[in-house]
Amino acid sequence: MRGAAPRFVFDAVAGPGVVDLARVVAPGSTLFLYGALSGEATPCPGFDLGMPALNMRTYTLHGITRDPERLRRAEAFVAAGLGTGAFVPAVDRVFALEEIAEAHRYLEAGAQVGKIVVTVEHEDA
């Protein structure tokens, strides 16, 4: 295995693939399920993997955005990370607004790693 096993995994797909994720995480890791893009039932990896020390939980944005104190702490955390440079957005490709159709085709191909950015030129007022 290259590098250390992950301690936190965020999965937007869920479904049968969670078993594969459970196989590769470090003991005591947390697998956050925040989507169900697979459209298939999501098993609870356990007996078939020898009962790994794995924490599985769901995550929804509403758990933070509907709680004013949690939202305040989340905003402060993100602002601090951006301010110190600890959070650096991963940008895969930048398109001009005039290339919006190509940007959509690129996004729909699903090969990007990081965000797709569309820039809009504006005149100073």
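Here are some friendly notes on the structure above.

1. A word on the model: this is a predicted model, in which local features need pLDDT of at least 70 and side-chain atom pairs count only at pLDDT 80 or more, while totals for chains, interfaces and linings use all residues. Residues are numbered from 1 along each chain as its sequence is written, and side-chain values use heavy atoms, with hydrogens and water left out.

2. Start with the elements: the protein chain has four helices and five strands, where helices (H or I, at least four residues) and strands (E, at least two) are DSSP runs numbered from the N terminus. Read from the N terminus, their order is β-α-β-β-α-α-β-α-β.

3. Next, the overall dimensions. The radius of gyration of the protein chain, taken over C-alpha atoms, is 19 Å, whereas a compact globule of 125 residues would have one near 14 Å; the globule rule is 2.2 Å times the number of residues to the power 0.38. The C-alpha trace spans about 65 × 40 × 30 Å along its principal axes.

4. How much of the protein chain is buried? Of its 125 residues, 18% count as buried, meaning under 20% relative accessible area with a 1.4 Å probe, protein chains only.

5. Now look at strand β1, residues 8-11. Val 9 and Asp 11 form its covered face, and Phe 8 and Phe 10 its uncovered one. In a regular strand, side chains alternate between the two faces of the sheet.

6. Finally, follow β1 to its partner: it pairs with strand β2 (residues 29-33) in the parallel sense over four bridges, and pairing requires that DSSP finds at least two bridges. Phe 8 has Thr 30 as its bridge partner in β2.

Notes: Buried < 20%, exposed > 50% of the residue type's maximum accessible area, 1.4 Å probe, protein only.
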